[in-house]
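This report describes the fold of one protein chain for a reader who is new to structural analysis. Please keep the sequence and the model in view while reading.

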Amino acid sequence: MKSLRSRLTLWYGLGFVVVAAAFIYLLHSTLESQLLEKACSKIYPDLPDWKLHDSLTEAEVQQISDDLLKSAFLLLIPVVAVAVAGGYWLARQSLRPIASVNRQLQAKNPGNLGEPISLPEIDDEFRDLVRQLNHLLVRLDDSFNELNHY
């Protein structure tokens, strides 16, 4: 993958998948342990007057938790697709100033080196870079002007 946008999207999507999978696993294991604890106990601690006699077998609890896990992962597929699309859009929006600077630099020639690069919606991260590029362009323009005088 050569594109920074693609790499950012991939990292965002992969991070989302890992977090979602960990959440589903924790949900599955918690639910399964609670179902087993309550299904196998004869007396509910919250309701001492209730007595349940083998309400669910361990196999039924396992089936319920496995069905829940399968459903959660099937529902995770469209959520991940939306997250990856959102990550792509976010990466594209984040890299927009770099594309603007690149277009402006490509349009430079010896006649317009003194014109500064402008970014109306400049972020703090790009402000120093654009300032340094503008200083470089002024120095290059001065150098071209000195060469033209000789």
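The model under discussion is a predicted one.

**Overall composition**

On this basis, the protein chain contains 4 helices and 0 strands. Followed along the sequence, the chain has the pattern α-α-α-α. The chain has 150 residues, of which 21% are buried. Its accessible surface amounts to about 11,200 Å², and carbon and sulfur atoms account for 63% of that surface. Among the contacts with a separation of 6 or more, 55% are between residues 24 or more positions apart.

**The packing of helix 3 and helix 4**

Helix 3 covers residues 96-106, while helix 4 covers residues 124-149. How are these two helices oriented relative to each other? Their packing angle is about 5°, and their axes lie 11 Å apart. Angles under 35 degrees count as roughly parallel, and helix 3 and helix 4 are therefore roughly parallel to each other.

The contact between them involves Pro97, Ile98, Val101 and Leu105 on the side of helix 3, and Phe126, Val130, Leu133 and Leu137 on the side of helix 4. Of the residues in this contact, 8 are nonpolar, none is polar and none is charged.

In soluble globular proteins, nonpolar side chains tend to be buried together. In the present model, the largest nonpolar core consists of 7 residues, namely Val101, Leu113, Ile117, Leu119, Val130, Leu133 and Leu137. Helix 4 supplies the largest share of this core, with 3 residues. There is also a second, separate core of 5 residues, among them Ile24, Ala72, Leu76 and Val80.

When its neighbours within four places in sequence are set aside, Ile117 is in contact with Val101, Gln104, Leu105, Lys108, Val130, Leu133, Asn134 and Leu137.

A residue is called partly exposed when its relative accessible area falls between the limits for buried, under 20%, and exposed, over 50%. Leu140, which is located in helix 4, has a relative accessible area of 35% and is thus partly exposed. Helix 1 spans residues 4-40 and includes Gln34; with a relative accessibility of 46%, Gln34 is likewise counted as partly exposed. Leu31 also belongs to helix 1, and its relative accessible area of 28% makes Leu31 partly exposed.

| Residue pair | Separation in sequence | C-alpha to C-alpha distance |
|---|---|---|
| Leu140 and Leu113 | 27 residues | 7.0 Å |
| Gln34 and Val61 | 27 residues | 9.7 Å |
| Leu31 and Ile64 | 33 residues | 9.5 Å |

Key:
Residues numbered from 1 in each chain as written. Predicted model: local features only at pLDDT ≥ 70, side-chain atom pairs only at ≥ 80, totals over all residues. Heavy atoms only, no water. Axes fitted to C-alpha atoms, helices over the stretch in contact; angles between N-to-C directions. Parallel < 35°, antiparallel > 145°, perpendicular 65-115°, else oblique. Contact = heavy atoms within 4.5 Å. Nonpolar A, V, L, I, M, F, W, Y, C, P; charged D, E, K, R; others polar. Buried < 20%, exposed > 50% of the residue type's maximum accessible area, 1.4 Å probe, protein only. Areas by Shrake-Rupley, 256 points an atom, 1.4 Å probe, with all protein chains shown as cover. Core = buried A, V, L, I, M, F, W, Y, C linked by side-chain atoms within 4.5 Å.
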